[in-house]
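Welcome, and thanks for taking a look at this one.

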Amino acid sequence: MQDEINTAVATLKQGGLLLYPTDTVWGIGCDATDEEAVARVYELKKRPDAKALICLVSDVPMLEKYIPEIADVTYDVIDLATRPTTIIYDNPKGIAANLVAPDNTLAIRVASDVFCQRLIRKFGKPLVSTSANISGAPTPQSYTEISNEILKGVDYVVNLHRETGGGQPSSIIKISKDGVVKIIRK
């Protein structure tokens, strides 16, 4: 696993795109602070950049670095979630501008997968995490369902967990800084 992390980090530091297993489904990722890398993800997915992408962080301290105001209820949601849960936050900072939604929000998930946690921790910054499909196409349920266009469009494919599958996209909720919770995707 360590060799895969080292190669992935080297790719990210060069502005490259990864195809990697996440705590949900296989994802396309890049440095969430690098506008050019983020633009490449939108281009590969053929997705309009007004449709925001999700970020992964390794832990709550990293989340707090990029989200200045976090409602208290958020910590309970993160601690008590029984499946991967992405939370949409107001007013992110230090993130690529083209990753932030037009309403100045950002969807972030604290990774629960050990590989993702270790990768992000070693890289030291959040990663983009978007499903490994062309926009509008079905989300691949396993590595074998990922299209050649996606496989050829990334700079590095992580060689872990290729035989496992069946992951589901995360739940998505919005928690405003005043603590109001809205379910976006169950």
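## A sheet and its strands

Strand β4 (residues 85-90) runs parallel to β8, and four bridges join the two. This is a predicted model, in which local features need pLDDT of at least 70 and side-chain atom pairs count only at pLDDT 80 or more, while totals for chains, interfaces and linings use all residues. Residues are numbered from 1 along each chain as its sequence is written, and side-chain values use heavy atoms, with hydrogens and water left out. Helices (H or I, at least four residues) and strands (E, at least two) are DSSP runs, numbered from the N terminus.

**The sheet as a whole**

- Nine strands make up an open sheet with mixed pairing, in the order β7-β1-β2-β6-β3-β5-β4-β8-β9; two strands pair if DSSP finds at least two bridges between them.
- The edge strands, each pairing on one side only, are β7 (156-157) and β9.
- Strand β3 (residues 54-57) pairs with β6 in the antiparallel sense over three bridges, and Leu-56 has Leu-127 in β6 as its bridge partner.
- Helix α2 (residues 35-45) lies across β2 and β6 and runs at about 5 degrees to β6. For such angles, axes are lines fitted to C-alpha atoms, for helices over the stretch in contact, and angles run from 0 to 180 degrees between N-to-C directions.

- Five of the five residues of strand β8 (residues 171-175) are buried, so β8 is largely enclosed by the rest of the structure. Buried means under 20% relative accessible area, exposed over 50%, and partly exposed in between (1.4 Å probe, protein chains only).
- In a regular strand the side chains alternate between the two faces of the sheet.
- Both faces of β8 are covered, with Ser-171, Ile-173 and Ile-175 buried on one side and Ile-172 and Lys-174 buried on the other.
- β8 and β9 form a hairpin with five residues between them, and Gly-179 in the turn has a positive phi of about 95 degrees.

**The core and an aromatic pair**

- The largest nonpolar core has 55 residues, of which Leu-19, Tyr-20, Leu-99 and Leu-119 touch the most other members. Such a core is a set of buried Ala, Val, Leu, Ile, Met, Phe, Trp, Tyr and Cys residues joined through side-chain atoms within 4.5 Å.
- Trp-26 and Tyr-143 form a tilted aromatic pair, 5.0 Å centre to centre with 55 degrees between the planes. Rings of Phe, Tyr and Trp (its six-membered ring) pair if their centres lie within 6.5 Å; planes under 30 degrees apart count as stacked, over 60 as edge-to-face and the rest as tilted.
- Trp-26 lies in strand β2 (residues 26-29) and Tyr-143 in the loop between β6 and α6, so the pair ties together parts that are 117 residues apart in sequence.
- Trp-26 is buried at 6% relative accessibility, and Tyr-143 is buried at 17%.

**Two loop residues**

- Asn-133 sits in the loop between β6 (127-131) and α6 (148-153) and is buried, with a relative accessible area of 7%.
- Ser-112 is found in the loop between β5 (105-110) and α5 (114-123) and is partly exposed, at 49% relative accessible area.

Notes: Contact means heavy atoms within 4.5 Å.
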